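Visitor: Can you walk me through this one? I'm new to reading structures.
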Amino acid sequence: MAAVATGRWLRFRCKLWLTLMGQRAGPCGQAPSCRFYSGSATIPKVEGTNITGIEEVVIPKKKTWDKVAVLQALASTVNRDATAAPYAFQDDPFLIPTSSVESRSFLLAKKSGENAAKFIINSHPKYFQKDIAEPHIPCLMPEYFEPQIEDISEAALRERIKLKKVKASVDMFDQLLQAGTAISLETSNSLLDLLCYYGDKEPSTDYHFQQSEKSEELEEAAEENNKKSEKADHQFGVTWRTKNNAERIFALMPEKNSHSYCTMIRGMVKHRAPARALNLYTELLNNRLHADVYTFNALIEATALSVSEKLEDKWNNILELLKQMAAQKVKPNLQTFNTILKCLQRFHTFGRLPALQTFREMKAIGIEPSLATYHYIIQLFYHHENPSKGSSLIIYDIMNELTGQKFSPKDPDDDMFFQSAMKACSFLRDLELAYQVHGLLNTGDNWKFIGPDHRRNFYYSKFFSLVCLMEQIDVTLKWYKDLIPSVFFPRSQTLIDLLQALDVANRLEVIPQIWKDSKEYGHTFHNVLKEEILMLMARDKHSPELQVAFADCAADIKSTYESQDGRQTAPEWPANSLNYVAVLFLRAGRTQEAWKMLGLFKKHNKIPGNELLNEFMDSAKASNSPAQAIEIVKLASAFSLPICESLTQRVMADFAINQEQKEALGNLTSLTSDSDTDSDSDINEGK
Amino acid sequence: MFPRVTAILPLRPVSRFPLCSGGSEAPAAAIVLSGAPHGTVRYGISALLALAKYNIQRYFGTNNVIYSKKDEQSAPTHEISKETESQESVKENTKKDLLDIIKGMKVELNTVNVQTTKPSSRRQLKSVEATIGRLQKAREDAPKRTKSLNPELVAAASAVADFLPFDKQTTKSELLRQLQQHEEVSKAQKDGKRAKISVSNIISDMKVAKSATLRISTRPEHQIQFDEGTDDYMGQETRDLKKRKNMLKGKRLNIFDFKAVTEEAPETETAPSLWEVEFAKQLLAAVNEQPLQNGFAEMIQWTKEGKLWEFPINNEAGKLIIPLTNSEYFMDLYSICSNKGYYVGVFHLLYNMYISQSISFNIPCGVGISERWKKSPRTFQLCKPEYRSSCLRDWPFAFEETI
């Protein structure tokens, strides 16, 4: 594993560096492997000289260090600690989160604390005037959001626009207009920008923190909605109203240029008034003006948004717009193509061929696609895919193209790529491809594109599930150790996948450890998981040592059923779990506790399984206790189980029982048959 | 390899032995499946299973075991012998052929599932290649020998028909029809590209369903379907994944001209509008919201925000740095640290910095160690020598006393 090797090397390098730090051991040149170069400055290669010793030594040029160069070099030597929580979570040990729910609230709490502080400072700047830092630290000082210019002038309007005071700006504009002051086109345009961008609403403060509060269980189902809600994040509820201030001011403006039209069109599209935007575009053309590339991008979106048109017509309209761009010599940009692909996503299967052609077009004219571009294509080819159909192989082409690349942010949707790529891998069940995607994620700084917390969890859950499904168990466990909990906290389904992998590979002895981890990661009360664990432990018989370990684990799980403290729901024992726990106790020789479990069956009104009763009988036979055996028969008859008959026969055959006990048995069986006939007759009467 | 397949098959949940379930026959088959050796035939069958319904799988499973048990001594009591010659030697041959074919069939099915079960070991790949080669050879031989169908294939068809729990005769005739087609196709393509149709295609193409409802309910996750008219799809193209046409290359829209787009336009210098500014913010937000990876990354962020001294330290930037003149202070600090069991590493770090004389550092003397530090020693904080005064409260040292 190359990654491991690099890791080791880095650690070594780190050590070297630290010794250097400590001792200040002369010029770095003595240990070439410890040198860190920052930025793009190129250093002549000197390594060759060490070998031959003849060539001239090239002394590197003096270089100026970036202020963070040293820190960057240091940061590159630090590896992730697979045994610890992520760095962001390192805090007071009591506060370090151990489950995904906790981690989310941790991050939210931290961020909201910051925001609250910022809010207080900014809303009461007069109390935060004392500048103790020297030199001055601007980001710790209050920002001024109140306009300083009091009089009515264009400068005052510009200030209000700069401070993003929507209403104050509009008021100022009206006052200026009433006073008969001419307002320059530039100022009017920037006012329009403000109004159109925020849809004639006061902008929400910048304090929002993009953390989806969606439950992770709903992740996949809610994915679509998620996307929408994110898009609609700051424009939520803001729709374009006719005759709003933007339209009013636009109408009042004595002279308008392309910018005025363009910003109006963009605002209309942004706030969901595509039809108006398209009309305004016609108006723009009639006035012999030209739209810029951003406006065309918005118009493409408007075309796709417009209702009641056939997909084919929509696509033709988009093509028409592109042709107009070409005719007007407007150069398309990455956003143009990403917008098209994003719109084509909604066209489902119809969008595939156009999407490919669009992609080829952008490549052909030298526009480098961003991660979002690939994301849209993957979505188009895999999102609505029915797994029973053959599936597209386009992801292989995409990964071949991307492997080894490093990315920089170019599109707000860039952080969706890894999630959708991993989803496609999971869909295709191709582990090798998943490794390829994961490799890409770990190339350079690409990890920054993994997206917010919930998307990271989604990505790693999918990845790890695939590993569980396809990888050899040793490698799976290695991944388990490596990823959990330092990268993500497992969902219960992730743990169940792991359990199944353990089952397939016949490595059930790891289960008690998995249970311990599950408790730690907040799945103590997850019944499906607990039942799965119990079932795997109880299914087959194992060596005595393992049985002891399993029984301990079972006892621990049993205690979680009993002490659901602080939880509202009444403790609910599933019948299966009762069976499993009892059988595990029996096999480990903890007969007493096993018998207590039988009591629980009665208490919770659950029926013991036949297998369990047989095992109890075996245990009674092993300890040669006819009394216990009869007790079992009694229990079976109390539940009116059909197995009662055969159990009785077994007791008769296997145990030396006295007359009294024989009679008792006889009574029991007759009782059972009586009750049977009773219930039969009941049913008959019922009919 | 096998465990992976079971993990995928819908069969999986049943393969455990439910402790208290009353059903006794379902586990029986399941046990047979999981108990059988990891033989190739088994694997082939398990791949085949993906084509059939669960109870059919059971049927398969048992059959398969009978097979693997008996094939050493005598021919299985299936209809193969009836369909082919009754001579003993031919029977033996047929049996061998049949097994070969079934093995080959397994390979074909494997390649269909190649995405799902791609083996990580070289060895496995080799064996797959070898079997493909064998099958290919058999296929190439086929048209030479007879004008009609190759007896090998007939035998295979009947065997497969036996396996499938549908009407045997219909199944067989359907299979043979398909094989005949295949024969024709392969003859036509004999000189050109090698035929793509294989047993797997035939089986997946075969219409043996009893009723529509059954078909739907039996459709497992990995059923192979052929989707015409769309782009490259798995199943048809998996085999030559490498040779496959790159879908990202090909016909484009042809609206824009490379030269027109790439040529340098005269840059018009305008201040970025609100739209551009906000877009840039949005762009960076996605990346910058990633949690910091380590303490150095945090320090980088602080440096950028201006909260931290820049490194290498520019002593001219501020006035607060007072060089320490004697080493007694450190001995005091050391005694405080060690007496109270606090983090001695702090001392070492400071001492090293002092000795090296490269960093002068102002720490008010006689400091205690803050409560917070006691609770959670953060090793990374030791790497923050260039803290600015305003951030010093984060240090383990509280400003309790000064000299």
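This is a predicted model: local features need pLDDT of at least 70, side-chain atom pairs count only at pLDDT 80 or more; totals for chains, interfaces and linings use all residues.

Visitor: How many helices and strands does chain A have?
Guide: Chain A has 31 helices and zero strands. Helices (H or I, at least four residues) and strands (E, at least two) are DSSP runs, numbered from the N terminus.

Visitor: How much of chain A is buried?
Guide: Of its 687 residues, 49% count as buried. Buried means under 20% relative accessible area, exposed over 50%, and partly exposed in between, with a 1.4 Å probe and protein chains only.

Visitor: What about helix 18 of chain A, is it enclosed or exposed?
Guide: Helix 18 of chain A is largely enclosed by the rest of the structure, because eleven of its twelve residues are buried. Among them are A:Phe417, A:Lys423 and A:Cys425. A:Cys425 has 0% relative accessibility.

Visitor: How far does helix 18 of chain A reach?
Guide: From first C-alpha to last, helix 18 of chain A reaches 16 Å, close to the 16 Å expected at 1.5 Å a residue. The expected span is 1.5 Å times one less than the number of residues.

Visitor: Which residues touch the most other members of the largest nonpolar core?
Guide: A:Ile395 and A:Phe417 do, in a core of 183 residues. A nonpolar core is a set of buried Ala, Val, Leu, Ile, Met, Phe, Trp, Tyr and Cys residues joined through side-chain atoms within 4.5 Å.

Visitor: And what is A:Phe417 in contact with?
Guide: Beyond neighbours within four places in sequence, its contacts include A:Leu371, A:Ile398 and A:Leu440. Contact means heavy atoms within 4.5 Å.

Visitor: New topic. Where is A:Asp430?
Guide: A:Asp430 is in the loop between helix 18 (417-428) and helix 19 (431-441) of chain A. A:Asp430 is buried, at 0% relative accessible area.

Visitor: What does its side chain reach?
Guide: The side chain of A:Asp430 reaches the backbone nitrogen of A:Glu432 at 3.0 Å, and that of A:Leu433 at 3.1 Å.

Methods
Residues are numbered from 1 along each chain as its sequence is written. Chains are lettered from A and ligands numbered from 1 in the order in which they are written. Side-chain values use heavy atoms; hydrogens and water are left out. A polar contact is a pair of N or O atoms within 3.5 Å; within protein, one must be able to donate a hydrogen and the other to accept it, and residues adjacent in sequence count only if both atoms are side-chain atoms.
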